[in-house]
Amino acid sequence: MQTFYSDLLVIGAGLAGERIAVEAAETGAAVTVLSIVPARRSHSSAAQGGMQAALGNCAMGKDDCPDVHFQDTVKGSDWGCDQEVARLFADTAPIEMRRLAHWGVPWNRVVPGKSFFYKGGEKFEKYEEPEKEGLITARSFGGTAKWRTCYTSDGTGHAVMCTMDNRCAELGIDVRDRSEAIALIHDGETCYGAIVRCLRTGELQAYIARATAICTGGFGRIYKATTNAVICDGGGHIIAMDTGQVPLGNPEAIQFHPTGIVPTDILVTEGCRGDGGTLLDKNEERFMHIYEPDKAELASRDVVSRWMTHHMRQGKGVESPYGQHLWLDIRHLGDQHISTKLREVDEICHHFLGIDPRTQLIPVRPTQHYTMAGIRTDRDGAAYGLKGLFSAGEAACWDMHGFNRLGGNSLAETVVAGGIVGRKVAEFLQGHDVSFRTSLVSDAVAAQEDRIKALASCRNGSESVYKVRSAMQDALMDGCFVFRTGEGLQQAVDTLKEVYERAGRVGLRSNGRGANPELAAALKIRGQVRLAQCIASAALARTESRGSHTREDHPERNDRDWLNRTLAYWKEGADVPELRYEPATYVFEIPPGDRGYGGGKIIKADEPK
Amino acid sequence: MARLLKFNIFRYNPQDPDSRPHMQEFVLEEAENMTLFIALNMLREEQDPSLQFDFCCRAGICGSCAMVVNGRPGLACQTKTADMDTDITLLPLPVYKLIGDLSVDTGVWFREMYQKTESWIHTKKVFDPGQLEERMDNAVAEDIYELERCIECGCCVSACGTARLRDDFMGAAALNRVARFVVDPRDERTDRDYFEIIGNDEGIFGCMGLLACEDVCPKGLPLQNQLGFLRRKMGITALKNIFRRN
């Protein structure tokens with residue numbers, strides 16, 4: 001077996017992982033980055049919309065500043081975020097956007113003079129000032145007071161990912177694709193790297209490092225309907241939780257995006273609504289302004305997803321063989337706009353729906369999109385529970401998003417958090433040396449070899465991994481989607497317990513040799529069911545509605561009892577997670593208040609029981 | 001009754017000593033709005049769990065799922081079965097190293113390409129976090145992005161006559177990459193610097209002009225225009241080099 005040594009092992013080569021790698025490598029650290037796909041295929045590259053940063057360059061972003069960005073972020077989180085982290089993020093974002101420009105990102109720039117834009121289907125005029133010409137411009141996104149989303153046409157993630165990966169190539173960082181971490185090497189206190197399966201040959205390898213960072217993105221694929229890439233399957237979360245030491249923060253906080261297309265759940269960007277697209281019902285009438293007179297289509301994602309579901313429940317959805325959906329209308333934006341700023345949307349409509357969005361409506365419905373849930377870290381990105389383990393990006397619960405994330409904040413988070421955490425990792429490396437028994441590594445390898453043998457020989461049973469996965473996905477769709485109830489969640493918890501038992505009996509039908517895909521799925525199925533159980537259990541326990549977590553039997557936001565963050569641990573031998581809680585934030589720059597949209601009653605923190 | 005699709009799929013697992021390259025037939029009932037992404041996953045989950053193929057975004061954005069579909073390189077995720085005959089032949093992309101069945105190693109090829117083309121902004125300027133960003137004309141930014149839209153699926157290289165004949169040919173993806181930096185005012189490289197990289201048969205002068213690269217590009221990139229643009233620029237640079245030597 002091959003063993004590789006480095007100062008820092010980064011698991012995941014999306015934007016957050018590569019940004020950490022760049023920051024650490026610039027201080028002279030030897031960095032290895034692992035990725036299950038070539039780095040530029042990372043899900044970061046699929047982000048179309050943009051990155052939020054309060055540059056205040058464009059006309060509609062005039063007088064924007066990090067303070068306003070901070071307020072929007074805290075409000076958007078429904079006061080579930082760590083306000084110190086949100087502040088750090090808002091203050092750093094403008095610098096990171098400029099740094100990206102320096103490295104090569106072709107941000108769209110301010111074009112001076114008069115131009116038009118759409119809001120709620122109506123046409124408005126704006127005037128860009130000549131002295132701002134050529135500075136980074138911004139577009140509108142949901143839940144924000146100003147136009148703040150920096151973008152490159154509708155390929156922001158792709159463009160930034162190219163630049164970041166170029167920067168890695170320039171620095172000579174060792175990025176190894178087709179490598180999947182299947183376990184962490186640890187002694188219960190300190191993390192020493194990971195056991196990795198090569199996805200070219202199927203061989204196991206050991207990667208030893210003084211620090212390890214998990215940046216594997218979200219785990220939307222445990223849901224049946226998700227906008228996520230097929231690689232967003234929770235691999236990083238699973239190996240962290242498997243240690244029994246590292247908790248998952250706010251597992252119940254799962255975001256649903258309003259505009260996944262029907263039936264394939266491919267995302268069409270929020271930029272559609274930001275640029276003036278509207279949502280229509282079966283009568284081709286707008287409805288969002290009825291529920292949200294002020295923000296309408298541009299309320300935050302949790303709010304729009306709920307009203308869409310509500311409206312469909314009122315019988316206003318369009319019937320289809322795949323169930324009800326609504327329409328997204330961008331016809332009025334015109335050919336010029338659609339073929340440049342919304343070109344990916346145009347291509348998606350063409351290739352996956354066979355329609356032309358210039359003349360036809362796009363069928364959409366809410367779909368799982370983002371996990372605010374993640375590996376719980378402190379402000380420096382250090383994971384709770386294991387020394388030497390870090391996390392950033394969607395994989396982490398850092399926690400600037402709380403219970404709902406604003407569009408454009410996650411893509412910005414990848415590079416902002418990546419930069420901050422990368423500096424902290426570099427500091428950590430300065431004062432941290434490791435020594436460990438080599439048996440720790442050989443034992444870890446032996447344990448994984450044994451797991452693989454058990455699966456290949458059907459030692460524990462011969463359940464089909466794909467059937468078990470499907471049962472898990474159905475349980476989440478039924479119980480843990482946009483609207484939740486105590487009864488539905490209890491059902492999900494019970495079903496997932498059974499599914500977990502079945503997951504323990506999975507065996508391969510193929511021979512498992514080489515880069516066998518069935519083995520890859522089988523190695524993570526138990527961990528995936530654990531993640532699903534964490535969502536269901538934490539959602540059942542949280543008897544309030546906050547951000548994307550909506551309990552129909554507890555519609556009020558309850559700051560008195562629930563202004564806190566869930567920490568879900570999975571101890572060895574357990575069949576349900578252990579839930580603990582910590583305050584949502586230790587510092588209040590702004591006290592809990594009304595978000596200004598989305599309605600709902602709030603039980604105040606000082607309200608007597 | 002929906003159509004029955006007959007898939008002829010290339011099978012070979014180089015890691016398995018018992019495996020021999022061959023074509024295997026699968027039959028699958030067509031479903032509404034079926035793409036090759038949906039079909040291949042159904043085949044793997046219901047008929048043969050060892051079947052190897054790559055998908056990632058499944059939305060035509062990441063480039064993972066390029067393969068030869070009925071003789072033509074393309075993205076499987078955005079290929080609708082309804083647009084095809086019932087006989088569907090799937091082969092892995094040529095040129096790249098085979099990992100197994102329909103899965104090939106584009107990652108290593110492209111990483112070598114970044115090193116050859118020095119695929120990053122070459123500048124002596126140092127980033128100053130206290131300063132405003134350097135200004136850029138929006139039209140220039142859009143021109144750069146046009147060339148940066150490449151998703152590295154590898155279709156252009158697989159369809160390229162020269163790349164099939166010689167291993168060292170850089171291919172349209174690499175030349176497009178160079179063009180992206182040529183139009184970027186932030187990159188301080190001169191035409192002579194670029195000539196060092198692509199002014200030879202491995203680069204701009206190896207192309208036979210068969211145009212397949214542009215024909216198969218799933219993003220519709222103007223690969224031949226870029227090639228022409230670079231060739232003119234490099235031709236002039238080559239002439240200048242001759243006169244300079246005299």
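Guide: We will take a helix, then a sheet, then the nonpolar cores. Note that this is a predicted model.

Visitor: Which residues of α14(A) are buried?

Guide: The general idea is that an α-helix has 3.6 residues a turn, so residues three or four places apart point the same way. In α14(A) the buried residues are Gly486(A), Leu489(A), Ala492(A), Val493(A), Leu496(A), Val499(A), Tyr500(A) and Ala503(A). Viewed down the helix axis they fall within an arc of 140°, so they line one face of α14(A). These buried residues pack against α13 (465-479) and α15 (517-541) of chain A.

Visitor: Which exposed residues does the face turned away from the buried side carry?

Guide: That face of α14(A) carries Glu487(A), Gln491(A), Glu498(A) and Glu501(A).

Visitor: Why does Glu487(A) count as exposed?

Guide: The cut-off for exposed is over 50% relative accessible area. Glu487(A) has a relative accessibility of 70%, and therefore counts as exposed.

Visitor: Now the sheet. In what order do the five strands of the open sheet in chain A lie?

Guide: The order is β18-β16-β11-β20-β21, with mixed pairing. At the edges are β18 (396-397) and β21 (578-583) of chain A, each pairing on one side only.

Visitor: In what sense do β11(A) and β16(A) pair?

Guide: Strands β11 (248-249) and β16 (374-376) of chain A are antiparallel, paired over two bridges. Gly249(A) has Gly374(A) in β16(A) as its bridge partner. Helix α15(A) packs on this sheet, where it touches β11, β20 (564-569) and β21 of chain A. The direction of α15(A) makes about 60° with that of β21(A).

Visitor: How many residues does the largest nonpolar core have?

Guide: It has 109 residues. Those with the most contacts inside this core are Ile330(A), Ile362(A), Phe7(B), Ile9(B), Leu40(B) and Leu90(B). Helix α6 of chain B (171-182) gives the most to this core, with eight residues. Apart from this core lies another, of 57 residues, among them Phe219(A), Phe256(A), Val445(A) and Leu508(A).

Visitor: Which residues does Phe7(B) touch?

Guide: Leaving out residues up to four places away in sequence, Phe7(B) touches Gln24(B), Glu25(B), Phe26(B), Leu28(B), Leu36(B), Ala39(B), Leu43(B), Ile88(B) and Leu90(B).

Key: Residues are numbered from 1 along each chain as its sequence is written. Chains are lettered from A and ligands numbered from 1 in the order in which they are written. This is a predicted model: local features need pLDDT of at least 70, side-chain atom pairs count only at pLDDT 80 or more; totals for chains, interfaces and linings use all residues. Side-chain values use heavy atoms; hydrogens and water are left out. A nonpolar core is a set of buried Ala, Val, Leu, Ile, Met, Phe, Trp, Tyr and Cys residues joined through side-chain atoms within 4.5 Å. Buried means under 20% relative accessible area, exposed over 50%, partly exposed in between (1.4 Å probe, protein chains only). Helices (H or I, at least four residues) and strands (E, at least two) are DSSP runs, numbered from the N terminus. Contact means heavy atoms within 4.5 Å. The arc is that of the directions from the helix axis to the C-beta atoms. Two strands pair if DSSP finds at least two bridges between them. Axes are lines fitted to C-alpha atoms, for helices over the stretch in contact, and angles run from 0 to 180 degrees between N-to-C directions.
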